[in-house]
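Please read the numbered points alongside the display.

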Amino acid sequence: MSCTDYFFRLISRRDYSAYELLKKGQLKGFEPNEISEAINYLQERDYQSDTRLAANLIAYSQGKYGKSMVRRKCMEKGISSEVFEQVWNEQIEAEGSEETDDLDGLKTKIMRKYKIDDFQIIDQKTKAKLLNYLQYRGFNAFEVLKQWQRQQVENE
């Protein structure tokens, strides 16, 4: 089996970054020049694209994870931070207010999980849990909490 055939078999199941394909090719024992030729072949025909993979990861993680968590996932897959930032900015511009809709869904989930009725009055223990929950998922916890507090004041 040639390196290109092997990569075709891999990408037929899911998207891989160029870095992941490189590592898989090395583990399989292919020559470095054969691996780079196969990756170039796949990229020329748009079968493999780090930009597309980053866009898919961002879209999948929207509302579940914050920017830093998604960036970390992309970096683990070998996608450069420049590509990530470019795709992130493009998606934010294209979606506009959908990001706030995702945060509203997260807000609803958190209100239900921690039994919060008023973001202005949160006891310290619950606030610590809330901040840890948001930070673990890559959100800027203080910024998100302030935004929800502002929304609550505006709605009243």
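1. Basis of the note. This is a predicted model, in which local features need pLDDT of at least 70 and side-chain atom pairs count only at pLDDT 80 or more, while totals for chains, interfaces and linings use all residues. Residues are numbered from 1 along each chain as its sequence is written, and side-chain values use heavy atoms, with hydrogens and water left out.

2. Salt bridges. The structure holds six salt bridges, a salt bridge being a side-chain nitrogen of Lys or Arg within 4 Å of a carboxyl oxygen of Asp or Glu. R14, E20 and K77 are joined in a network of such bridges.

3. A bridge between helices. E85 pairs with K67 in a salt bridge whose closest N and O atoms are 3.1 Å apart. Because E85 lies in helix α6 (residues 81–95) and K67 in helix α5, the pair ties together parts that are 18 residues apart in sequence. Helices are DSSP runs of H or I with at least four residues, numbered from the N terminus. E85 is partly exposed at 25% relative accessibility, and K67 is also partly exposed, at 27%. Here buried means under 20% relative accessible area, exposed means over 50%, and partly exposed lies in between (1.4 Å probe, protein chains only).

4. The loop between α3 and α4. Which residue of this loop has a positive phi without being glycine? D46, found in the loop between α3 and α4, has a phi near 60 degrees. Most residues other than glycine have a negative phi. The side chain of D46 also meets that of R52 in a salt bridge (3.5 Å, N to O). D46 is partly exposed, with a relative accessible area of 48%, and R52 is partly exposed at 28%.

5. Q48 in that loop. Is Q48 buried or exposed? Q48 lies in the loop between α3 (32–44) and α4 (50–61) and is buried, because its relative accessible area is 3%. Its side chain makes a polar contact with the side chain of Q43 at 2.8 Å. A polar contact is a pair of N or O atoms within 3.5 Å; within protein, one must be able to donate a hydrogen and the other to accept it, and residues adjacent in sequence count only if both atoms are side-chain atoms.

6. R45 and E44. The side chains of R45 and E44 form a salt bridge (3.4 Å, N to O). E44 counts as exposed at 63% relative accessibility, whereas R45 counts as partly exposed at 41%.

7. K115 is not a glycine, yet its phi is positive, at about 55 degrees. K115 lies in the loop between α7 and α8 (124–136) and is exposed at 71% relative accessibility.

8. K73 and E31. K73 belongs to helix α5 (residues 67–76) and is partly exposed at 25% relative accessibility. K73 and E31 are 42 residues apart in sequence, and their C-alpha atoms are 28 Å apart in space.

9. R112. Where does R112 lie? R112 is in helix α7 (residues 98–114), and at 59% relative accessibility it counts as exposed.

Methods
Helix = DSSP H or I, 4+ residues; strand = E, 2+ residues; numbered from the N terminus.
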